[in-house]
Amino acid sequence: MTLELQKPRPIWQIMFSTHHTDVGLLYLITSLTFLFLGGSLALGIRAELFYPGSQIIADSMTFNRIFTVHGTTLIFLFIIPFASAVGNYYVPIMVRYKDMAYPKLNAIAFWMIPPAGVLIWLGFADFTWYATPPYSIISAPGPAADMWIFGLKILGISSVLGALNFVVTILKCKHPDMSIGQIPLMAWAFLSSSLIIIVAIPTFAAALLMLLTDRLGVSGFFNPAMGGDPIAYAHLFWFTFHPEVYVLVIPAIGMMYEIIPRFSRKPIYSYNSGVFAFVMLSIVGFSSWAHHMYATGMSFTEKTVFMVGTLAAVPASAMHVFNFVATMWNGRIRFATPMMWAVGGIALFFSAGAGGVVNSAMPLDFTTHDTYWVVGHFHLFVMGTIAFGSIGYLYYMFPYVTGRMYNETWGKIHFVLSFIGTILVFFTQHVLGLYGMPRRIYDYPPIPEWIAMNQIATVGAMIIGISMAIFLANMIHSAGKGKPADTDDPFGLGGKYYYPFEAKNPSH
Amino acid sequence: MKFIFGFLLIIGVLVIVPAVDFAFAAGDEPGKYLDRRAVIWNLFYKMMTVAFTVGSVVSGTIIWQVWRFRESHPKAKPTSYEGTDW
Amino acid sequence: MSGHSNWPEWIYVAVVIALMAWVGAEAWEAERLVEHVPADAKTIIVTGQQWFWTFEHEDGTKEIGELHVEVGKAYKFEIVSTDVNHSFNIHDYVVLIDAIPGRVNTVWFAPDKVGEHDIQCREYCGLIHYNMRGTLYVTEPLS
């Protein structure tokens with residue numbers, strides 16, 4: 001079962017193709033490009049914070065622009081397109097259809113991403129990925145800010161189109177012999193995350209337009225000088241972007257659901273609880289958005305409601321962890337590179353979730369809000385869980401895509417270095433936050449604890465940087481010169497395991 | 001079932017009663033003020049205690065599993081699903 | 001799920017739900033306590049603007065970048081902003097609330113020891129956000 005690339009073709013044949021694996025390949029290459037671009041900005045940020053005072057970045061404006069583009073790039077131009085890449089490759093196969101439901105729409109959704117990326121990178125805005133008004137209205141320099149707004153607008157349309165395509169493919173184009181209860185959990189993951197996108201994104205799309213007209217001075221939705229309310233933007237933004245957190249994490253969990261049973265040589269412990277947890281997450285994910293806003297002066301009642309909404313999402317996430325652990329139990333696990341990433345991802349997913357529970361407790365916001373605790377917390381999700389699941393899956397699909405095997409030893413070194421680096425950076429940042437260091441600062445006073453912890457974090461970031469260089473070299477080299485893979489069973493696991501819809505635990 | 005019920009009951013008594021007690025005991029005498037640092041950091045340390053307890057159970061389980069169920073473990077044996085169509 | 005019982009998972013989910021209920025109850029209780037402003041707290045109006053803090057005491061005296069308070073008294077901050085969002089933070093006393101233009105947010109504290117503490121801005125507010133700092137001086141009562 002080979003997915004693509006075995007027969008070399010001229011590049012324009014791939015670029016102008018609407019076939020799902022070709023579009024998937026385009027998504028994949030684009031997202032990895034932005035992973036390395038966004039990641040190098042992170043190294044710049046860490047190098048600057050190694051010591052108080054100016055290190056390698058000349059002024060705070062440049063620094064502010066760098067962390068803004070770092071966040072925007074990795075969330076919108078790496079994580080989401082990467083999930084679309086995997087979905088494009090696998091969802092049609094999983095529901096046994098020849099292609100995506102709307103192939104041309106699929107290609108259009110992809111081709112909206114490069115121009116958006118160009119807008120964001122050429123603009124290099126400075127108002128953080130959150131674009132808070134009134135700063136973004138009255139203070140942020142144009143045209144960078146406007147280019148960011150247009151870039152995000154395009155990306156929003158692109159993800160809605162992609163999501164519609166997934167929903168229709170899964171619900172309407174699945175093979176008539178399959179019931180919805182037989183599609184693999186990863187397809188369920190794409191179904192739930194796509195539904196979240198369709199419900200959540202329009203709110204932010206509206207907010208972006210309002211932000212743009214506010215910037216043009218023709219309206220004052222969020223501008224207090226014209227009678228507007230910046231808190232309204234915060235609600236609109238987080239109504240989209242808290243569910244968006246689940247949009248990011250659910251496909252990664254779905255990828256782990258593909259990897260872990262395979263390499264444990266056992267079916268998933270409970271398919272039903274996996275489905276239930278995905279559906280629960282995508283519903284309950286909408287009840288917690290304002291936990292990002294405790295410090296904006298919300299009333300006690302509002303805070304309580306959103307705290308309860310946040311805590312309500314925890315059991316569903318915990319069910320996934322249980323399912324993974326129970327699946328590995330009594331297995332015969334082969335720790336090839338994809339499995340290592342998946343298991344590392346689960347461990348970090350737990351840590352990130354535990355930190356999230358602590359965040360949701362209202363009074364703790366006084367200590368952690370907008371400090372490095374929060375930075376460490378969400379990076380454990382986006383790096384520790386989502387990127388780990390995604391990179392593991394990339395190793396997993398590599399032989400199917402290229403017909404060649406990646407270098408196993410270097411893959412494992414990549415994992416070990418990244419795991420150590422992730423723990424060094426993001427666990428340290430939690431503690432740094434407890435010492436009170438705010439996020440998004442270019443320079444900090446020479447407090448000894450702050451210096452020490454920033455230096456540990458910087459060293460960790462450099463370790464991740466080295467591991468990613470190894471990753472890049474491994475991918476490029478193996479794609480061209482790797483050992484030809486046995487595409488029926490590239491990991492030597494025995495048994496058939498490509499069509500996971502047939503993988504059902506008979507006792508469940 | 002009985003066990004779970006009893007367990008929850010004990011937890012309920014241990015946690016809720018002192019909390020409710022505390023809630024109604026908070027007076028409002030002039031000149032004596034609540035120390036917000038104590039309240040907030042106390043909550044934080046309580047939660048960290050629980051988080052690290054749960055975390056050590058979860059990660060201990062995962063680490064043990066990874067060690068015990070690796071295919072190179074001397075006692076590793078094929079799962080009952082191997083060689084079947086699942 | 002048909003036929004086969006899934007009791008380990010149900011127990012696990014019940015434990016998670018119980019833990020979350022405990023977290024919620026504890027947090028609710030602590031929040032209720034810290035939100036209760038003492039009746040005799042003195043009001044200080046805090047104005048955040050790019051990129052400094054201004055403090056106005058009840059008697060009308062103003063300070064910029066420095067705040068002097070007395071040990072053993074309760075103070076209520078009324079926080080406003082004149083331009084963009086800021087966040088008023090005295091980390092040592094766990095005081096934090098955003099300064100949002102068009103709104104007045106309140107938070108209170110009662111210093112209990114003489115000393116100096118950092119005041120900082122925790123919400124991104126632009127060019128010199130990193131240096132929007134001040135100092136809190138807790139002094140012996142004068143009278």
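The dialogue below goes through these features in turn.

Student: What are the ground rules?

Tutor: This is a predicted model, so local features need pLDDT of at least 70, side-chain atom pairs count only at pLDDT 80 or more, and totals for chains, interfaces and linings use all residues. Residues are numbered from 1 along each chain as its sequence is written, chains are lettered from A and ligands numbered from 1 in the order in which they are written, and side-chain values use heavy atoms, with hydrogens and water left out.

Student: How many residues of chain A and of chain C are in contact?

Tutor: Contact means heavy atoms within 4.5 Å. Here 61 residues of chain A touch 46 residues of chain C. Buried area is the accessible area (1.4 Å probe) that two parts lose on being put together, summed over both. For chains A and C that comes to about 4500 Å², with 63% of it on carbon and sulfur atoms. On chain A's side, A:Phe300, A:Phe322 and A:Phe366 supply 15% of the area buried against chain C, more than any other three residues.

Student: How many salt bridges cross the interface of chain A and chain C?

Tutor: A salt bridge is a side-chain nitrogen of Lys or Arg within 4 Å of a carboxyl oxygen of Asp or Glu. By that rule, four cross between chain A and chain C. One of the A–C pairs is A:Arg440 with C:Glu123, at 3.9 Å from N to O. A:Lys303 and C:Glu31 also pair, at 2.7 Å. A:Lys303 sits in helix H11 (residues 300–312) of chain A and C:Glu31 in helix H1 of chain C, so this pair joins two chains. Helices (H or I, at least four residues) are DSSP runs, numbered from the N terminus.

Student: Are A:Lys303 and C:Glu31 buried or exposed?

Tutor: Buried means under 20% relative accessible area, exposed over 50%, and partly exposed in between (1.4 Å probe, protein chains only). Both A:Lys303 and C:Glu31 are buried.

Student: Which residue forms a salt bridge with A:Glu258?

Tutor: A:Arg262 does, with the closest N and O atoms 3.5 Å apart. Both residues lie in helix H9 (residues 230–264) of chain A, four residues apart, about one turn of the helix.

Student: Which residues are linked with B:Glu71 in a network of salt bridges?

Tutor: A:Arg265 and A:Arg334 are linked with B:Glu71. The B:Glu71 to A:Arg334 bridge has an N to O distance of 2.6 Å. B:Glu71 lies in the segment after helix H2 (36–68) of chain B, and A:Arg334 in the loop between helix H12 (314–328) and helix H13 (337–360) of chain A, so the pair joins two chains. B:Glu71 is partly exposed because its relative accessibility is 24%. A:Arg334 is partly exposed too, at 26%.

Student: Why does A:Gln429 count as buried?

Tutor: Its relative accessibility is 3%, so A:Gln429 counts as buried. A:Gln429 is in helix H16 (residues 408–434) of chain A. Leaving out residues up to four places away in sequence, A:Gln429 touches several residues, including A:Arg46, A:Tyr372 and A:Trp373.

Student: What are the domains of chain C?

Tutor: Domain bounds come from an automatic or database domain assignment. For chain C, that assignment gives domain 1 (1–36) and domain 2 (42–139). Their C-alpha centres lie 37 Å apart.
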